Amino acid sequence: MGTASSPAGLTNKPDAAPAIVHTQGLSKTYRTGFWLNQRVTALQPCSLTVHRGETFGLLGPNGAGKTTLLKVLLGIIRPTAGTATLLGHPLGHSSVKQRIGYLPENAYFYDFLTGWEFLQYSAGLFGLSRATQQRRITELLDLVGLPQAAAKKKQLRHYSKGMVQRVGMAQALINDPDMVFLDEPMSGLDPTGRFQVREIILALKREGKTIFFNSHILSDVEVICDRIAILDQGELIANGSLDQLLGSADQYVVKGRGGRLDELAPRLEQITVQGDLWQGHVKGDPYDFAHQIPLAGGELIALQQTRPTLEDFFIAKVGQRRGAKATLE
Ligand SMILES: Nc1ncnc2c1ncn2[C@@H]1O[C@H](COP(=O)(O)OP(=O)(O)OP(=O)(O)O)[C@@H](O)[C@H]1O
Ligand SMILES: [Mg+2]
């Protein structure tokens, strides 16, 4: 579904699934300072849509406004302007709270409770019966890979960062929500922990849950997400599916042998040469270039389409914007 202020060429394509998050011109300016007379614009008017069943990744450098957007959507802070709906209701609607889960950034839980007690407490907030609590906690500990014995015996203050993050994930899922918001779910985890969180998110996706998460770990986002948006200094600078965003900058790598490289080189970038083998990224029409190789006395070995990684795209997009801003200033 296209949005009015999506950056040009990066609008979301029409999708049959209903919108589960929809924002229009949503913005947030914090008031700070002793007299609350200073303002920080954390989110500039932002319009985006997330569809049911999607895994949506919100990316951006530190301080870009990701957590702010998440907190506005969750009704934790009020927007300065704009409107939004969550599961078809205006923000802050009481019936929505039962159907969403939330893992906060740098979550701080009640240190003197065991993991099991903390999850029981969380389940109690949703009014789950004792029997349902028991079943749900057991299922979730299994899902997040936390042994029951550790959850029952150890207080949270003795948990490692990875264990706290796992309990946090279980807490976010305790009410079997339709949609989960995860703020940096992989932060501070070792590679195994990151892999496990990735697997949990993929399992939730298979169950048809909608997942909205903030992350800096672009390689994970690339594997997990259907759609992404990039915020930079509060501004939405990209929004679309990975195919829409990364496919738009297709590149071809050509590998060849021999020939007059001085004739071919002007149409190549990032050339590497090893003996009589060479390769490079083609500038312009790759098929036309492939025809030029034998004419220059060389042999075509391979012509492969490559697409930039999400990291390439992110760095280029944010860098471009910084460059443009610096030129204006
Ligand atoms: N409560 C607050 N009062 C004043 N300014 C705030 C407040 N919370 C956030 N900010 C400011 O708003 C901007 C966006 O912050 P936010 O935490 O939303 O960014 P983020 O993208 O989540 O960053 P990170 O990747 O570091 O988590 C920053 O400039 C931050 O300093
Ligand atoms: Mg944040």
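Select H3 and H6: the axes of these two helices come within 10 Å and cross at roughly 20 degrees. Axes here are lines fitted to C-alpha atoms, for helices over the stretch in contact, and angles run from 0 to 180 degrees between N-to-C directions. H3 and H6 are therefore roughly parallel to each other; angles under 35 degrees count as roughly parallel, over 145 as roughly antiparallel, 65 to 115 as roughly perpendicular and the rest as oblique. The crossing of H3 and H6 is right-handed, where right-handed means that the near helix is turned clockwise from the far one by less than a right angle, and left-handed that it is turned anticlockwise.

Before going on, note that this is a predicted model, in which local features need pLDDT of at least 70, side-chain atom pairs count only at pLDDT 80 or more, and totals for chains, interfaces and linings use all residues. Residues are numbered from 1 along each chain as its sequence is written, while chains are lettered from A and ligands numbered from 1 in the order in which they are written. The labels H and E follow DSSP runs, numbered from the N terminus: helices (H or I) have at least four residues and strands (E) at least two.

On the H3 side, the contact is made by Gly 115, Phe 118, Leu 119 and Ser 122, and on the H6 side by Val 167, Ala 170 and Gln 171. Residues are in contact if their C-beta atoms, placed from the backbone, lie within 7 Å. This contact of H3 with H6 divides into 4 nonpolar, 3 polar and no charged residues. In this classing, Ala, Val, Leu, Ile, Met, Phe, Trp, Tyr, Cys and Pro count as nonpolar, Asp, Glu, Lys and Arg as charged, and the others, Gly among them, as polar.

Helix H3 (residues 115-125) packs with H4 at an angle of about 125 degrees, their axes 10 Å apart. That makes H3 oblique to H4. The crossing of H3 and H4 is right-handed. Look for Trp 116, Leu 119, Gln 120 and Ala 123 in H3, which meet Gln 133, Arg 136 and Ile 137 in H4. The residues of this contact of H3 with H4 are 4 nonpolar, 2 polar and 1 charged.

H4 passes H6 in a right-handed crossing. Leu 140, Leu 141 and Val 144 in H4 meet Arg 166, Met 169 and Ala 170 in H6. By class, the contact of H4 with H6 has 5 nonpolar, no polar and 1 charged residues.

**The six-stranded sheet**

Turn to the strands. An open sheet of 6 strands has the order E7-E8-E9-E4-E10-E11, with mixed pairing. Its edge strands are E7 (100-103) and E11 (235-241), each pairing on one side only. Two strands pair if DSSP finds at least two bridges between them. From one strand to the next, the twist averages 15 degrees.

The bridge partner of Gly 101 in E8 is Val 180. Helix H6 (residues 161-172) packs on the sheet here, touching E7 and E8, and its direction makes about 165 degrees with that of E7. Then select helix H7 (residues 191-206), which lies across E4 (55-59), E8 and E9 (210-214) and runs at about 150 degrees to E9.

Ile 230 stands opposite Ala 238 in E11. The hairpin of E10 and E11 has 2 residues between the strands, and in it Gln 233 takes a positive phi near 45 degrees.

**A hairpin and the ligand**

Select E1 and E2, which run antiparallel and are joined by 6 bridges. Arg 31 stands opposite Arg 39 in E2. Their hairpin has 5 residues between the strands, and Gly 33 in it takes a positive phi near 90 degrees.

Finish at ligand 1. What surrounds ligand 1? Its shell holds 13 residues, the closest being Tyr 30, Ala 42, Lys 66, Thr 67 and Thr 68; a residue is near a molecule if its C-beta atom, placed from the backbone, lies within 6 Å of it. Strand E1 (19-32), strand E2 (38-46) and helix H1 (66-73) are the elements that give two or more residues to this shell. The largest share, 3 residues, comes from H1. By class, the shell around ligand 1 has 4 nonpolar, 7 polar and 2 charged residues.

How values were computed. Contact = placed C-beta atoms within 7 Å.
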